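Subject: Structure for your review

Dear colleague,

Please find below the structure that I am handing over to you.

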Amino acid sequence: LLDVLSMRVEDYGQPVAWRNLLFIMLRDAGTDKPLNMDILRLMRQTKAMTERAEYSEYAALGIETAMPSEVVAVIREGKASGVIPAKDSYFDDILESQTPRARDDAKAVLADAGKPATAANPRAALGTADALVSMGEYAKAIPLYQAVATSGNPIGQYRLGVTQILSGQQAAGEATLAQVNTGPRARLAKLWISHSKAAAAN
């Protein structure tokens, strides 16, 4: 079924097609929270988040992984799209708590990004790069993801490719993602390549 839906996305790359595929992938990912976040991020990019529950899960994962800037941005997008009502006590409380945290965390993350010790430690490099991407600082995240990928971490390779695409480095990102051909993110990597090519063609 996933193969059929993947081909459907390539031929008919509308949000509804993306949602049909990614919703199943999200369900199949189970309790793998990093994978869930990667799937939700692709749902966000393809405008496939159409249910309040998806924003709720995204926000919960973002809070758990200390990505306040991303949480705030996603909730605001949900409100702008009408999926989240203008007044929603659950999401409004999250915005109230995460907005100041996003401002405070940004300073620390940007400071860590420039430290040689961060790039030298794959775990620290991955966490800092993830935080930078959540803030929209794609260019600063790329060298850290490169360090993680060089260490042999497949998540680093995948997120490097995604971030290269988000930063406008389409060819580099697609080439990086083409190397992700095993593991739980192999299909996601192919889908990102399809999304990238479709976006460039429009």
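A residue is called buried here when its relative accessible area is under 20%. By that criterion, 45% of the 202 residues in the chain are buried. Please note that this is a predicted model.

Overall form

The chain contains twelve helices and zero strands. Its radius of gyration is 17 Å, close to the 17 Å given by the globule rule for 202 residues, so the chain is as compact as a globular protein of that length. The C-alpha trace spans about 45 × 45 × 35 Å along its principal axes. The accessible surface of the chain amounts to about 10,100 Å², and 54% of that surface belongs to carbon and sulfur atoms. Of the contacts between residues at least 6 apart in sequence, 49% join residues at least 24 apart.

In soluble globular proteins, nonpolar side chains tend to be buried together. In this model, the largest nonpolar core has 40 residues, and those with the most contacts inside it are Leu-22, Ile-39, Met-43, Ile-75, Tyr-158, Leu-177 and Leu-188. Helices H1, H2, H3, H4, H5, H6, H10 and H12 each supply at least two residues of this core. The largest share, eight residues, comes from H2. Apart from this core lies another, of 16 residues, which includes Ala-113, Leu-126, Val-133 and Ala-149.

When its neighbours within four places in sequence are left aside, Ile-75 is in contact with Ala-59, Ile-84, Phe-91, Ile-94 and Leu-95.

Helix H10

Helix H10 covers residues 154-166 and has 13 residues. From its first C-alpha to its last, H10 reaches 19 Å, close to the 18 Å expected at 1.5 Å a residue. The helix is mostly covered, with ten of its 13 residues buried. Among them are Tyr-158, Leu-160, Val-162 and Ile-165, and also Arg-159 and Gln-164. What covers the buried residues of H10 includes helices H3 (33-45), H8 (122-134), H9 (138-150), H11 (170-178) and H12 (186-201).

Just after H10, Gly-168 takes a positive phi of about 100°.

Yours sincerely

Terms used. Residues are numbered from 1 along each chain as its sequence is written. This is a predicted model: local features need pLDDT of at least 70, side-chain atom pairs count only at pLDDT 80 or more; totals for chains, interfaces and linings use all residues. Side-chain values use heavy atoms; hydrogens and water are left out. Helices (H or I, at least four residues) and strands (E, at least two) are DSSP runs, numbered from the N terminus. The expected span of a helix is 1.5 Å times one less than its number of residues. Buried means under 20% relative accessible area, exposed over 50%, partly exposed in between (1.4 Å probe, protein chains only). Contact means heavy atoms within 4.5 Å. A nonpolar core is a set of buried Ala, Val, Leu, Ile, Met, Phe, Trp, Tyr and Cys residues joined through side-chain atoms within 4.5 Å. The radius of gyration is taken over C-alpha atoms; the globule rule is 2.2 Å times the number of residues to the power 0.38. Accessible areas come from the Shrake-Rupley method with a 1.4 Å probe; for residues, only the protein chains shown count as cover.
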